[in-house]
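Subject: Structure handover

Hello,

Here is the structure for you to open. My notes on it follow below.

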Amino acid sequence: MSFRDLRNFTEMMRALGYPRLISMENFRTPNFTLVAEILIWLVKRYEPQMEIPSDVDSESDRVFFIKAVAQFMATKAHIKLNTKRLYQADGYAVKEMLKITSVLYGAMKTKELTSGDKLEEDSSKFKFDLGSKISDLKAARQLASEITAKGVTLYDLLGKEVDLREMRTAAIARPLEINETEKALRAAIKEVLENVQKTKDMLNNVSSDEVSLEAKIEKKKQELERNQKRLQTLQSVRPAFMDEYEKIEEELQKHYETYVEKFRNLSFLEQQLEDYHRMEQERFEETENTLRAMQQKLREEERRLMRSGAARDDDSDMEIPEDEGSDSDIEDHRPSKPQPMRIVPIPGRGGARFVGTMQGGDSDEETSEESEIDVDDDDDDDEEEENGDPEDDDSLEVPIPRALQPSHGPRRPELIEESDNDF
């Protein structure tokens, strides 16, 4: 008897509805009255119409009662009971009664499950979960394949049964020889003794191996202790080159900081230089565009002055009549006047000047008139530079830098105006 069996029996009887409370101490000593009462209740629970004699006063009545219960369970429930253990009425009888209670308890649980399934089916008639049946389907397929394989094997064995029956009958009918039996037993005993000796040798080897392993472990521990002591001594001793190493490391750190600072400054100066070059290039392009605009305006101003001078010459020729050759004679004896030179600065070239005349012909009148216009323009320019008050003219709207203004050099002598009033 085990404590677990007794506990399971009491719990099952309580679950089945046995009216009396069964304690675990009831079966410490033989208690046939309680065993008989429990057996009668179990038989009535299994088959209510069954009639079993309940008289257990004498020994013969008890034997008859136990035989009747065992026979009923064997025929109706196919449960084989040990009558001797039931008759003992102690913990061993609990094991036999546990067989009956297990069947009844399983039936009760199955009934509860089926009733619960019926209730679920009634509550959800149109719901069917196939996923819960997949495992059952796989198990059924596996069992079907195993049954088929077992059937084939059984068929083959049954086919060999005729030959095997003759061999088995011959082996059974053959009388046993004592010498052969003793020989087989001696061989078996010898084999067993050899196995025992091998096992003993292995055990002895295990003990020797254990001793050698312990010796190795002890040796390794000693080596570990020595290495740890050596490590501690090495850690405590300061190397001779450590001072020099730390000094060189400090110098390297200083040099690195200097290098980083210089590299940063160099990068900043390069950036400033690039910005300066870019500003100079933009300034140069702006100045060049300004000079082009000024040159274009100066050209337009010169063309305008030339057109106004030509128109004035035509008017003077029409108003002044020719004398009897006075002007022509004087002009014949007058030496030719030098042609004035026009200096024009070329943009983009410092100090380079273009020198030339504005005359397209060789007549003295046109030369004198154009020279007078040029001298007047130069005087106006000089006066504007000295006074610093430029006139509101289209040609002077854009200021000319001092460095880019054309140098006039020494002031040229003013030309004497020619007119008929001199004579």
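Start with H78. It counts as exposed because its relative accessibility is 68%. (Buried means under 20% relative accessible area, exposed over 50%, and partly exposed in between, with a 1.4 Å probe and protein chains only.) H78 has a positive phi of about 55 degrees, although it is not a glycine. Its place is the loop between α3 and α4 (83-88).

A note on the source: this is a predicted model, where local features need pLDDT of at least 70, side-chain atom pairs count only at pLDDT 80 or more, and totals for chains, interfaces and linings use all residues. Residues are numbered from 1 along each chain as its sequence is written, and side-chain values use heavy atoms, with hydrogens and water left out.

A89 also has a positive phi, of about 60 degrees, and is not a glycine. A89 sits in the loop between α4 and α5. With 1% relative accessibility, A89 counts as buried. For context, most residues other than glycine have a negative phi.

Overall layout

The protein chain has 11 helices and 2 strands. (Helices, H or I of at least four residues, and strands, E of at least two, are DSSP runs numbered from the N terminus.) Along the sequence the pattern is α-α-α-α-α-α-α-α-α-α-β-β-α. The chain has 423 residues, and buried ones make up 16% of them.

Helix α2 has 15 residues. From first C-alpha to last, α2 reaches 21 Å, close to the 21 Å expected at 1.5 Å a residue. (The expected span is 1.5 Å times one less than the number of residues.) The buried residues of α2 are F32, L34, V35, A36, I38, L39, W41, L42 and V43.

The largest nonpolar core has 36 residues. (Such a core is a set of buried Ala, Val, Leu, Ile, Met, Phe, Trp, Tyr and Cys residues joined through side-chain atoms within 4.5 Å.) Which members touch the most other members? They are F9, F27, I38, L39, F65 and M97. At least two residues each come from α1, α2, α3 (59-77) and α5 (91-123). α2 gives the most to this core, with 9 residues.

Aromatic pairs

There are 4 aromatic pairs in the structure. Y18 and W41 are both buried.

The loop between α1 and α2 also holds S23. S23 counts as partly exposed, at 35% relative accessibility. From S23 to L6 is 17 residues in sequence and 9.1 Å in space, C-alpha to C-alpha.

Salt bridges

The whole structure has 12 salt bridges. (Each is a side-chain nitrogen of Lys or Arg within 4 Å of a carboxyl oxygen of Asp or Glu.) Three of them:

- R14 pairs with E11, the closest N and O atoms being 3.1 Å apart. Both lie in helix α1, 3 residues apart, about one turn of the helix. R14 is partly exposed at 45%, and E11 is partly exposed at 44%.
- E246 pairs with R238, with the closest N and O atoms 2.8 Å apart. E246 is partly exposed at 33%, as is R238 at 47%.
- R278 pairs with D275 at 3.1 Å, N to O. Both lie in helix α9 (residues 242-319), 3 residues apart, about one turn of the helix. Is each end buried or exposed? R278 is partly exposed at 45%, whereas D275 counts as buried at 19%.

Salt bridges that share partners also join R85, E96 and K99 into one network.

Surface patch

L185, I189 and L193 make a nonpolar surface patch of about 310 Å². (Patches are made of residues with over 30% relative accessible area and no salt bridge: like charges are joined within 9 Å, nonpolar side chains, meaning Val, Leu, Ile, Met, Phe, Trp and Tyr, within 5 Å. Areas come from the Shrake-Rupley method with a 1.4 Å probe; for residues, only the protein chains shown count as cover.) L185 is in helix α8 (residues 178-236).

Best wishes

Terms used: Phe/Tyr/Trp six-rings, centres within 6.5 Å; stacked < 30°, edge-to-face > 60°.
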